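Subject: Structure for you to look at

Hello,

Here is the structure we spoke about. My notes follow below it.

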Amino acid sequence: MANKKVNKKDIAKLLNQWRQQFTVLAPSKENGVAQMAEWDGKDTSFLDWYRNTVIPPKASFLPPMEEMFRFQKDKEGYHIELPPTNEHKQLIFGIRPCDARAMTILDMTFEEAYQDPYYLSRRKNAVLVGLGCTNPCESCFCTSMGVSPTESTNVDLMLTDIGDQFLIEVVTDKGKELIAKASGLKEATKDDEAKAKETKETSYNKITRKLDTEGIVDKLQASFDDEGFWEQTAAKCISCGICTLLCPTCYCFDINDELVRGEGTRFRSWDSCGFPVYTKMPMENPRLEKWRRVRQKVCHKFEFYPMTFNVIACTGCGRCIRLCPVNWDITQVLESVPVKTGVRK
Ligand code: SF4
Ligand code: SF4
């Protein structure tokens with residue numbers, strides 16, 4: 001299908017058409033915190049202020065807290081009541097390419113390695129409409145992680161700023177269906193395509209922070225037991241967990257049961273490998289020291305995930321840099337991993 005275009009002033013009309021089929025989520029400042037939230041049917045001011053959300057879009061697929069099932073206990077034992085199958089259709093408007101890439105990375109854990117029904121029912125019922133970055137943050141380093149700030153790879157439709165309009169690229173069948181049912185769109189011209197190409201090149205070149213990941217798996221393997229390096233790396237971290245909770249590719253969770261007079265609910269909630277109690281077990285805590293937890297966070301993304309799935313579990317979204325209260329910087333850490341020859345067995 002040929003690319004389309006829409007006037008920026010007509011975005012509300014387009015979203016309202018999609019709103020008849022989906023719950024439309026768009027960038028919003030809920031209590032001052034930028035996140036994807038249900039769109040109210042009229043406010044498109046996010047087109048002016050939005051750079052990226054603080055809370056990543058993973059929250060729409062792996063919520064900060066969710067009910068897994070309810071259970072009752074009687075004389076015969078436990079009875080489980082599963083929640084209704086999730087047929088809820090979500091359209092996420094304005095997802096950035098780095099965060100769309102993060103969803104593909106999460107799929108590797110929640111679909112390839114293990115079929116998580118809660119995550120998958122939301123994921124399969126969702127449509128991602130991307131919006132290319134034209135004003136990236138200083139902390140962004142997506143281009144070093146193989147993501148362009150305007151790329152369409154992991155979305156269904158992709159919008160690129162071409163002045164008073166957005167060019168709309170149709171990427172998947174889901175995207176095709178959305179466009180086929182939408183009215184008020186025009187065919188993109190050669191001139192529009194040329195403008196979009198220019199926007200893409202300019203946006204790409206705006207990402208000035210760089211990270212060289214050449215040989216990073218080997219370097220991390222060889223430095224795994226370098227306690228001095230990891231202690232120094234972890235020194236200023238205060239174990240607040242923000243960098244992991246708000247990372248779009250982190251997925252640590254905890255499971256809790258609440259039981260009141262024989263009736264219970266099992267919940268799943270976000271957790272962080274940065275918290276001292278995360279790996280607490282009856283006999284011992286294998287990551288009691290902070291440096292071991294920081295090492296886990298770094299190695300999980302840049303060593304273990306590449307070894308398991310052949311991809312680095314970081315998209316260069318920069319959240320962990322701009323939101324860390326003590327300015328811990330993952331790009332500086334990775335640049336400072338010592339070059340050693342040995343490889344951990
Ligand atoms: S956000 Fe910063 S201080 Fe908090 S856990 Fe991460 S590195 Fe440590
Ligand atoms: S590690 Fe940091 S830069 Fe990489 S995806 Fe997570 S929050 Fe973004």
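**Domains**

The centres of domain 1 and domain 2, taken over C-alpha atoms, are 25 Å apart. Domain 1 covers 4–206 and domain 2 covers 216–335; these bounds come from an automatic or database domain assignment. This is a predicted model, in which local features need pLDDT of at least 70 and side-chain atom pairs count only at pLDDT 80 or more, while totals for chains, interfaces and linings use all residues. Residues are numbered from 1 along each chain as its sequence is written, and chains are lettered from A and ligands numbered from 1 in the order in which they are written.

In domain 1, 34 residues are in contact with 27 residues of domain 2 (C-beta atoms, placed from the backbone, within 7 Å). On the domain 1 side, β4 (65–74) and α3 (97–113) are the elements that give two or more residues. The largest share, ten residues, comes from β4. Helices (H or I, at least four residues) and strands (E, at least two) are DSSP runs, numbered from the N terminus.

**Helix packing**

Helix α8 (residues 227–234) packs against helix α10 (residues 290–309) at an angle of about 90°, with the axes 8 Å apart. Axes are lines fitted to C-alpha atoms, for helices over the stretch in contact, and angles run from 0 to 180 degrees between N-to-C directions. So α8 is roughly perpendicular to α10 (65 to 115 degrees). From α8, the contact uses E227, W230, E231, T233 and A234; from α10, K290, W291, V294 and R295.

Regards

How values were computed. Parallel < 35°, antiparallel > 145°, perpendicular 65-115°, else oblique. Contact = placed C-beta atoms within 7 Å.
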